[in-house]
Amino acid sequence: MRHGFFQKVFSLRRRKQFFAWQIEITTRCPLSCRMCIRQGLSEWASADMSLNNFEKLIPYFHDVETIILQGWGEPLLHNDLCAMIRAAKGGTETTRGSHRHAKAPSPSVGFVTSGKGLNDHYSAELIDAGIDFIGFSFAGSTAKTHEGIRLNSDFQELVHAVGAFNELKKKRGVPGLRTHIVYLMLKDNLQDIPALPRLARDIGIRDIVLVNLIHVTTPWQDSQKVFSCDERGDVTDILNETQERAREAGVHLRCPSLTAHETPLCDENPLRNLYISVTGDVSPCVYLYPPTTHQFKRIFCGQEHGIEQLGFGNILQEDFSRIWNSRGYREFRGQFHRRVTSAGKRYSPFWLMSGGKGASPLPDPPAPCRTCHKMLGV
């Protein structure tokens, strides 16, 4: 333990090593969304992470800024969700204060949800547990569009649940609790996007995040991508209109890139983020460890590929530092480090002074990432 006033101040200001740990607490889901990865996979392992196993992760949270309690399932289905939030925020009675990092600032904790099963009582429990953020998944701004994509979802039920949650948040006086809409853009729901800002405002949402379809497993999903692998998606007018309506409604709109371009490091950022599966396996990214057989299907730019699950160890069975510093994991991250370094040299003052000549191609990313749409910067 470090001592002294300045040491304490600077230790609090130090950026934590990890920005986000995404922890899969369940692989179960009550919906059957058409754009979900499982639509094109023959096998799916339904399971929950036990509260006891989740608590084994708590000693590592001192160096993590954000904990996302979600993987390939619906977090609201987990019976111990609120207990996990409390544990992540402050530890359990048996672990609180017992490890040497107990005084480190607690991480921000939240998840993205379909909203299925969220009622007033559950909302109150989540707020009482100390949840910091919730993203609500919409696939349309009308019932027809939303329910035609998110099968088994009830649009009006979702709208009511989100509005009621935000009203309760306001009554409880917790303005720091952030809520936002996550809208997966598909060709079948583009026409609904301009109406989204007004809907968001009416249910108490001030942030909308538009996202692209990344992991594709069926021909229908491949045909629904808004972006193209070699050119800009033709949705500029729709997004411009939506941006204008967002300004009028006082809503912040975030749009992904629709232009495929070489990116040295995808926004999943395996240098500062990681994924922990429901069974405790540590992977660089959620897209590299779905709960299916060891090899799973991925359609990249129209071509089908078989990808092996990529994990570097099980955090429930061995110390995390051994996993993070293992040879395989270091080599994986090293490939991205080399890409970032090479990109930095490419745009150095000397390179710009030369007129941008002689730029060498970036080193290849790790093999399983070469067929991921995230590497196209979308």
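**Cysteine pairing**

Tutor: The sulfur of cysteine 29 has its closest cysteine sulfur in cysteine 33, at 5.9 Å, which is too far for a bond; a disulfide is a pair of cysteine sulfur atoms within 2.5 Å. This is a predicted model, in which local features need pLDDT of at least 70 and side-chain atom pairs count only at pLDDT 80 or more, while totals for chains, interfaces and linings use all residues. Residues are numbered from 1 along each chain as its sequence is written, and side-chain values use heavy atoms, leaving out hydrogens and water.

For cysteine 33, in turn, the closest cysteine sulfur is that of cysteine 29. Cysteine 33 is buried, at 7% relative accessible area, whereas cysteine 29 is partly exposed, at 29%. Here buried means under 20% relative accessible area, exposed over 50%, and partly exposed in between, with a 1.4 Å probe and protein chains only.

A search of the whole structure finds 1 disulfide. It joins cysteine 229 to cysteine 301, with an S to S distance of 1.9 Å. Cysteine 229 lies in the loop between α8 (219-224) and α9 (236-249), and cysteine 301 in the loop between β12 (295-300) and β13 (303-308), so the pair ties together parts that are 72 residues apart in sequence. These helices (H or I, at least four residues) and strands (E, at least two) are DSSP runs, numbered from the N terminus. The torsion about the S-S bond is about -95 degrees, so the disulfide is left-handed. Cysteine 229 is partly exposed, at 25% relative accessible area, and cysteine 301 is partly exposed, at 32%.
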